[in-house]
Amino acid sequence: MAVHEDGRASEKRLDEDGNDMPIFNAENFQSNIKSIYYSRTFLSIIGGVVAGIWGFTGLMGFIFYFLIMTTASLGFAAKAKFSIHKYFDSWNRIVLDGFLGGLMSFVLFWTFAYDIVHIF
């Protein structure tokens, strides 16, 4: 299987009946998933610091987090030119991967930045 320089994880091949079947390159697939995870973690940390500095409290901070993650998901899909199945096995990889781990990082840095700016 050839490795694609553009990060594509799949290509099409024909089976015995002449139907297209996707074939995934495991290295590119894992690299794409790691990129999503690291990007979400980074955006969660930056978003948490921004939410803390801006003084968001309660539900408003969580809405801000969901807005950041929605924007990130749309950005990932746009980067893949909305051809998700060339780079990932399903839409869930773009929408849900790293979501909860990012939430923990967001809350940590949100409270830290809020305490530094507004309490001390």
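Residues 94-114 are 86% helix and 0% strand, with an end-to-end C-alpha separation of 29 Å. Both stretches are listed by UniProt, in an unreviewed entry, under the feature "transmembrane region", as are residues 62-82; such annotations may be inferred rather than shown by experiment, and the positions follow the numbering used here, with feature names shortened. The model is predicted, so that local features need pLDDT of at least 70 and side-chain atom pairs count only at pLDDT 80 or more, while totals for chains, interfaces and linings use all residues. Residues are numbered from 1 along each chain as its sequence is written, and side-chain values use heavy atoms, with hydrogens and water left out.

The chain contains five helices and two strands, these being DSSP runs (helices H or I, at least four residues; strands E, at least two) numbered from the N terminus. Their order from the N terminus is β-β-α-α-α-α-α. Of the 120 residues, 33% are buried, where buried means under 20% relative accessible area, exposed over 50% and partly exposed in between, with a 1.4 Å probe and protein chains only. Among contacts (heavy atoms within 4.5 Å) between residues at least 6 apart in sequence, 65% join residues at least 24 apart.

Two packed helices are described by the angle between their axes and the distance between the axes. Axes are lines fitted to C-alpha atoms, for helices over the stretch in contact, and angles run from 0 to 180 degrees between N-to-C directions. H1 and H5 pack at about 30°, with axes 7 Å apart. H1 is therefore roughly parallel to H5, given that angles under 35 degrees count as roughly parallel, over 145 as roughly antiparallel, 65 to 115 as roughly perpendicular and the rest as oblique. The contact of H1 with H5 comprises 13 nonpolar, eight polar and one charged residues; Ala, Val, Leu, Ile, Met, Phe, Trp, Tyr, Cys and Pro count as nonpolar, Asp, Glu, Lys and Arg as charged, and the others, Gly among them, as polar.

Helix H2 (residues 59-79) packs against helix H5 (residues 99-119) at about 135°, with axes 11 Å apart, and H2 is therefore oblique to H5. This crossing is also right-handed. The contact involves Gly61, Phe62, Phe64, Tyr65, Phe66 and Met69 of H2 together with Phe99, Gly102, Leu103, Phe106, Val107 and Trp110 of H5. Ten of these residues are nonpolar, two are polar and none is charged.

For H1 and H2, the angle is about 145° and the axes are 10 Å apart, again with a right-handed crossing. Among the residues that meet are Arg40, Leu43 and Trp54 in H1 and Met69, Ala72 and Phe76 in H2. By class, eleven are nonpolar, four polar and one charged.

Arginine 40 lies in helix H1 (residues 26-54) and is buried, at 0% relative accessibility. Residues up to four places away in sequence aside, arginine 40 touches Met69, Ala72, Ser73, Phe76, Ile94, Val95, Leu96, Asp97, Gly98 and Phe99. Threonine 70, in helix H2, is partly exposed, with a relative accessible area of 45%. The C-alpha atoms of threonine 70 and isoleucine 94 are separated by 10.0 Å.

How values were computed
Left-handed = near helix turned anticlockwise from the far one by under 90°.
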